[in-house]
Amino acid sequence: MTKIAARPSLRLRANRGLHFFFSVFLAAGVGMMRATAHETWLLPGGAELEPGRTVEFLMTSGMGFPALGAGIDRSRILDAVLMQGAERQNLVPSNAFKEALELSAVPGPGLACSWVQLRPRILEIPEKDSVEHYLGEIGAGDEVYEIWRSQGEGSLWRESYGKLARNYLVVGERADAGEAGCISERSAARFDILPLSDPTELSSGDALEIQVLFDTKPLAGQAIGFVREGASPEELVRSDAEGRVRLTIRGSGLHMIYATNLRRASRAEDFNWESDFVTLSFNVEDL
């Protein structure tokens, strides 16, 4: 696993869960750090998650995990899922706010694996210096730089990007977590990241191994980022020949793994680049 250079007040509703959610972020204040440019993540909107009761997830795009940034238009959703074991239910959009899209489900006890996949959108970057900065932030591979620089001055950067946000949490008591069968469930996205063990069981000092997949196959050389709330993002690292990365937990709180797979567009379209962004979030408790 190779390290590479690092990438360079709010209250929506008055229920107890969301009040806790926003209180945590406001308390962090200036401790919020830039994870990267506009990642999109999914987090539960409350601390006390009870089986058989509605859980409200908040999906937001921003530059400082886990602070709320900008909401998501529900029309962009391709797939929104909550799984427990082999049981699958939809995450249903329930409210749209300026800062976040709220999605709801009613889970039973135990580990819940959730994800939301968004439809692609088009990004244009007009200036070469801005493109170079973006490529550095996401840890783009040498082949991307070579293609871009070979195009010369005045080249248009027009990129189609899709997003996938994952979340893992336990509903009810830890003793009810049971089989972690949903851990290995892949989404329909071409680019995906899967934990190889239950991230909700981790404590500070533990290691989490993940695997990066592209078209269901392990992807080597992918840049991976990792950030904990209130801390600076760690240096980007690259996946090994089996698409695996081992990450060390260095404290409690909310954590996010993130990555962007960027490639030249595979066929003639109204864009010349395409990408997929993935985030994977979970909470590490003080034990």
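Q: Before anything else, what does "partly exposed" mean for a residue?
A: Buried means under 20% relative accessible area, exposed means over 50%, and partly exposed is in between. This is a predicted model, and the values are computed from it.

Q: OK, so is Gly181 buried or exposed, or in between?
A: Gly181 is partly exposed, because its relative accessible area is 34%, which falls between the 20% and 50% limits.

Q: And where does Gly181 sit?
A: Gly181 is in the loop that runs between β9 (157-171) and β10 (191-195). Its C-alpha atom is separated by 8.9 Å from that of Leu111, and the two residues are 70 apart along the chain.

Q: How many disulfides are there in the structure?
A: A search of the whole structure turns up 1 disulfide. Cys113 and Cys182 form it, with their sulfur atoms 2.0 Å apart.

Q: Which parts of the chain does that pair link?
A: Distant ones: Cys113 is in strand β8 (residues 110-125) and Cys182 is in the loop between β9 and β10, 69 residues apart. The link of Cys113 and Cys182 is right-handed, with 55° about the S-S bond.

Q: Why does Cys113 count as buried?
A: Because its relative accessibility is 0%. Cys182 is buried too, with a relative accessible area of 0%.

Q: Changing topic. What is the mean pLDDT of the chain?
A: The mean pLDDT of the protein chain is 86, and 84% of the residues reach 70 or more.

Q: Where is the pLDDT below 50?
A: Over residues 5-37. That stretch still has 87 contacts in the model beyond near neighbours in sequence. Where pLDDT is low, the predicted coordinates should not be read in detail.

Q: How many aromatic pairs does the structure hold?
A: It holds 5 aromatic pairs. One of them is Tyr134 with Trp157, an edge-to-face pair at 6.3 Å centre to centre and 85° between the planes.

Q: What does that pair tie together?
A: Tyr134 lies in helix α2 (residues 128-138) and Trp157 in strand β9, so the pair joins parts 23 residues apart in sequence. Tyr134 and Trp157 are both buried.

Q: What about Tyr161 and Phe277?
A: Tyr161 and Phe277 also form an edge-to-face pair, at 6.0 Å centre to centre and 70° between the planes. Tyr161 is in strand β9 and Phe277 in strand β17 (residues 273-284), so this pair ties together parts that are 116 residues apart in sequence. Tyr161 counts as buried at 16% relative accessibility, and Phe277 is buried at 8%.

Q: Which charged end sits over the ring of Phe277?
A: That of Lys163, 5.0 Å from the ring centre. The charged end of Arg264 sits over the ring of Trp273, 5.5 Å from its centre. Trp273 belongs to one aromatic cluster with Tyr134, Trp148 and Trp157.

Q: Last topic: which residues in the largest nonpolar core touch the most other members?
A: Ile193, Ile210, Ile224, Ile257 and Phe282, in a core of 33 residues. Strand β11 (residues 207-214) gives the largest share of this core, 5 residues.

Q: What does Phe282 touch?
A: Leaving out residues up to four places away in sequence, Phe282 touches several residues, including Tyr168, Leu208, Phe226, Ile249 and Ile257.

Q: And which residues are in the second core?
A: The second core is separate and has 19 residues, among them Val55, Leu101, Leu118 and Leu169.

Terms used:
Residues numbered from 1 in each chain as written. Predicted model: local features only at pLDDT ≥ 70, side-chain atom pairs only at ≥ 80, totals over all residues. Heavy atoms only, no water. Helix = DSSP H or I, 4+ residues; strand = E, 2+ residues; numbered from the N terminus. Buried < 20%, exposed > 50% of the residue type's maximum accessible area, 1.4 Å probe, protein only. Disulfide = S-S within 2.5 Å. pLDDT = per-residue confidence, 0-100. Contact = heavy atoms within 4.5 Å. Phe/Tyr/Trp six-rings, centres within 6.5 Å; stacked < 30°, edge-to-face > 60°. Lys NZ or Arg CZ within 6 Å of the ring centre and 35° of its normal. Core = buried A, V, L, I, M, F, W, Y, C linked by side-chain atoms within 4.5 Å.
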